Amino acid sequence: MNKWTKRMVASTLAATLLMTGTGAFAATAGAPNGQAVAVEAAKKQDNKKFESRLDEIIARGYIVVGTPGDYKPFTYLNPKTNEFEGYDIDAMKEFAKSLGVEARFVQTSWPTMMDDLLANKFDIAVGGVTRNTDRQKKAHMGDPYIEFGKAPLIRAQDKDKYKSLADINKKEVRIGVNPGGTNEKFVRDYLKNATVTVVQNNLDIPGLVANGTYDVMITDTIEAMVYSKADSRLYAALTDKPFTRSEKAYMIPRGDFIFASYLDVWMDEMKLQGKFDELFHKWVK
């Protein structure tokens with residue numbers, strides 16, 4: 001066979017492979033082990049069964065919800081029942097119901113929540129998660145469902161003592177704060193002169209303020225109101241004029257338009273039907 005004939009045979013074979021899709025020959029020809037790479041790519045493509053996480057959740061029959069369990073009234077892991085309860089827990093049960101699946105809750109923490117979400121340890125993160133641009137850079141924050149601000153939870157006897165940031169931002173003022181969330185960030189940014197202690201379990205801080213271990217807990221207006229309602233020794237200060245204004249939202253992995261769109265439509269339906277109002281009256285008022 002002469003050189004011209006050999007070239008024609010090679011060209012014909014290459015064209016046949018491209019037209020039939022027998023191998024991703026052209027895409028990987030210049031790479032080491034090109035055919036092996038093409039086969040592996042084909043396998044991955046075959047294993048991609050779902051267009052969206054939404055479809056995967058429906059197919060598996062349950063949604064995995066990550067939540068800290070330490071942020072009343074949104075999420076609380078009840079030690080007596082070993083079950084999660086709260087505003088966002090009820091909301092996620094409604095979300096699962098809309099999908100026709102079961103809601104399964106797993107515990108995360110504020111410092112690890114984002115990493116856990118990105119590692120696919122759960123499908124959605126909830127529990128009083130503040131909607132902000134820092135989180136939106138890595139994940140998708142859904143539509144907001146409740147507004148709040150940062151405010152001090154203090155002892156009732158001190159309600160005339162702490163009326164501003166300046167009143168709190170003093171060395172002699174002892175602040176207890178939970179780690180890794182927006183509460184700690186606020187304290188680090190705006191209360192640099194105060195004496196700050198990081199308390200690992202957020203649930204412990206209100207009691208420590210009430211018994212005099214700390215003077216102030218910086219938290220959300222909603223959480224402050226819930227704790228002051230439950231303990232007459234405590235007072236939720238400045239809830240009508242909080243230091244900041246923010247919103248709560250549910251957080252999912254970014255890049256999945258279908259799942260994000262479904263979440264937003266469900267949120268709209270919950271608002272239209274008054275479901276979030278019902279949850280507010282149950283868990284906050």
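Q: A pocket is an open set of points on a 1 Å grid over the protein atoms alone where a 1.4 Å probe fits, with protein on both sides within 12 Å along at least five of seven lines; what volume does the second largest pocket have, and what lines it?
A: In this predicted model, whose local features need pLDDT of at least 70 and whose side-chain atom pairs need 80 or more, while totals for chains, interfaces and linings use all residues, the second largest pocket has a volume of about 200 Å³, taken as the space filled by probe spheres set on the points. Its lining (residues with an atom within 4 Å of a point) includes Lys 72, Tyr 76, Glu 85, Tyr 227, Lys 229 and Trp 283.

Q: Which residues lie closest to the centre of the largest pocket?
A: The largest pocket holds about 520 Å³ of space, and of its 21 lining residues, Asn 132, Asp 134, Gly 181, Thr 182 and Lys 185 come closest to the centre.

Q: What makes Arg 60 and Glu 56 a salt bridge?
A: The term requires a side-chain nitrogen of Lys or Arg within 4 Å of a carboxyl oxygen of Asp or Glu, and the closest N and O atoms of Arg 60 and Glu 56 are 3.4 Å apart, so the pair qualifies. Numbering runs from 1 along each chain as its sequence is written, and side-chain values use heavy atoms, with hydrogens and water left out.

Q: Why is Asp 116 called buried, and why is Lys 121 called exposed?
A: Buried means under 20% relative accessible area, exposed over 50% and partly exposed in between, with a 1.4 Å probe and protein chains only. Asp 116, at 11%, is therefore buried, whereas Lys 121, at 54%, is exposed; the two form a salt bridge with closest N and O atoms 3.3 Å apart.

Q: What joins Arg 53, Glu 56, Arg 60 and Asp 123 into one network?
A: These four residues are joined by salt bridges that share partners, and within the network Arg 60, with a relative accessible area of 25%, is partly exposed, as is Glu 56 at 32%. The whole structure has 17 salt bridges.
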